[in-house]
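Biologist: Please take a close look at one part of this model for me. I would like to start with a single residue and its surroundings.

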Amino acid sequence: MAIKLHGQPWSNNTVRAMTVLNEKGLDYVLCPVDLRSGGHKKPEFLALNPFGQIPVFQDGDGSVFESRAITRYVATRYKETGTDLLSASSAALETWLQVEGSQFNPPMFRIIFELGIKPLIGMSTNMSVVENESDKIGKVLDVYEAHLAKNKYLAGDEFTLADLNHMPEIYILSKSAKFDLIDSRPHLKAWWEDISARPAWKKTAVSLPF
Amino acid sequence: MASVTVYGTPLSPAVSRVLACLFEKDVDFKLAPVDMAKGQHKSPDFLKLQPFGQVPAFQDELTTVFESRAICKYICNKYPEKGNQTLMGGRDGGLLAQTSVDQWLEAEGQSFNPPSSALVFQLAFAPMFGFKQDPAAIEQNEAKLANVLDVYDRRLGESKFLAGDDFTLADLAHLPNGHILVSKNEDLFMSRKNVGRWWVEISARPAWKKVVEMQNAPLG
């Protein structure tokens with residue numbers, strides 16, 4: 001059975017899954033879920049993700065929801081294919097995977113949802129949310145900046161899943177007026193330039209509507 | 001002699017998440033208090049362990065780890081033979097079982113944690129530290145949490161625990177906020193038949209009871 005990814009290319013969480021599939025050089029079919037007509041609330045979809053959210057991943061062995069569980073699964077199941085995305089110490093990898101989900105993503109998502117996603121789905125941007133969240137995320141990004149001054153990648157010397165999981169949101173930010181959040185921090189900027197130059201990433205980016 | 005140190009107070013939900021995992025795994029540890037009232041969590045020494053200035057931090061003979069769910073995974077990876085051996089994927093232990101744990105741990109972190117933490121702050125910490133409660137925030141977050149718990153109730157009608165037949169990290173992650181919320185508003189969990197059944201079962205685990213004992217222990 002071919003790999004199926006249920007989602008939308010304007011959804012940062014779907015893009016996270018697309019990114020790992022392209023890094024691994026895996027073929028897949030993107031099955032659009034029509035959120036406007038309530039496709040995510042239909043019984044067939046809820047059977048795949050009871051939270052009614054995209055993305056959902058399916059391969060011959062099973063189905064997975066939650067984008068970070070999907071990227072973890074793909075990185076592990078297909079470890080021997082393409083780049084090994086798990087080559088770091090358990091401590092560093094687990095820490096920075098969790099930092100992305102707990103510290104980085106909540107404010108970053110709110111910024112890029114307002115600036116990058118809402119315009120694509122016919123909703124209007126709330127600039128006061130953007131300003132509030134931009135203030136909040138500064139302190140988090142300062143920690144990243146100091147960390148990347150001493151580490152080439154987040155979990156050490158190699159590009160891993162910890163770096164990959166950040167890519168959709170930073171990419172969407174890079175198309176917005178708030179990219180100075182990254183651009184003004186030299187090590188964050190250099191890290192982003194390095195990881196976004198990866199051929200697999202370029203393949204992903206070119207397929208996105210941002 | 002314990003080579004494991006956890007920095008923080010057992011009253012912090014994130015710290016207690018780690019303590020629950022250590023007790024489940026029968027791993028000896030030392031608890032090093034961090035005086036947050038005196039700003040110790042922002043001191044240069046502490047920031048070397050946890051650069052975001054938050055508890056918990058974890059240190060063993062090899063390394064430091066932070067983020068409570070990362071610490072739990074690290075402990076499970078490091079001690080596969082000790083204590084509870086199904087925390088990362090049930091008796092099966094294969095990749096799909098592990099992925100189910102990851103999936104429900106993400107659901108906890110992304111869907112359960114934000115509204116439950118907001119409620120824990122409003123209902124428990126705000127009164128404790130003399131902050132004013134925000135009724136609108138309470139109402140909004142109760143509504144969000146209710147939606148999440150409805151999904152849990154359906155899931156727990158089909159599955160004994162969130163990730164499958166065994167108690168795993170995915171269930172454990174809910175104990176800290178669940179414990180506080182149930183003490184403030186039992187109805188949230190107990191009015192839902194399957195969530196109630198699950199809550200009674202997971203909160204009765206000896207490892208969790210040891211954490212609660214530490215939380216209730218007199219200071220000093």
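Biologist: Where does B:Gln85 lie, and which residues is B:Gln85 in contact with, leaving aside its neighbours within four places in sequence?

Modeller: Keep in mind that this is a predicted model. B:Gln85 lies in a loop of chain B. The loop runs between α3 (68-78) and α4 (95-129). Set aside the neighbours within four places in sequence, and B:Gln85 is in contact with B:Lys25 and B:Pro80. Take B:Lys25 next. B:Lys25 and B:Gln85 are 60 residues apart along the chain, yet their C-alpha atoms are separated by 7.7 Å. One of its polar atoms lies 2.8 Å from the backbone oxygen of B:Glu81.

Now stay in chain B and move to helix α9, residues 193-203. Its buried residues include two tryptophans, B:Trp198 and B:Trp199. B:Asn194, B:Val195, B:Gly196, B:Ile202 and B:Ser203 are buried too. What covers them? Among the elements of chain B that do so are α5 (135-158), α6 (169-172) and α7 (175-184). α8 (187-190) and α10 (206-216) also take part in the cover.

Finally, turn to chain A. UniProt, in an unreviewed entry, places the domain "GST N-terminal" at residues 1-82. That span is 33% helix and 22% strand. Its end C-alpha atoms lie 20 Å apart. Chain A also has a hairpin, formed by β3 and β4 with two residues between them. β3 covers residues 56-59 and β4 covers residues 62-65. The two strands pair in the antiparallel sense over four bridges. Across the pair, A:Gln58 stands opposite A:Ser63 in β4.

Notes: Residues are numbered from 1 along each chain as its sequence is written. Chains are lettered from A and ligands numbered from 1 in the order in which they are written. This is a predicted model: local features need pLDDT of at least 70, side-chain atom pairs count only at pLDDT 80 or more; totals for chains, interfaces and linings use all residues. Side-chain values use heavy atoms; hydrogens and water are left out. UniProt positions are given in the numbering used here, feature names are shortened, and annotations may be inferred rather than shown by experiment. Buried means under 20% relative accessible area, exposed over 50%, partly exposed in between (1.4 Å probe, protein chains only). Contact means heavy atoms within 4.5 Å. Two strands pair if DSSP finds at least two bridges between them. A polar contact is a pair of N or O atoms within 3.5 Å; within protein, one must be able to donate a hydrogen and the other to accept it, and residues adjacent in sequence count only if both atoms are side-chain atoms.
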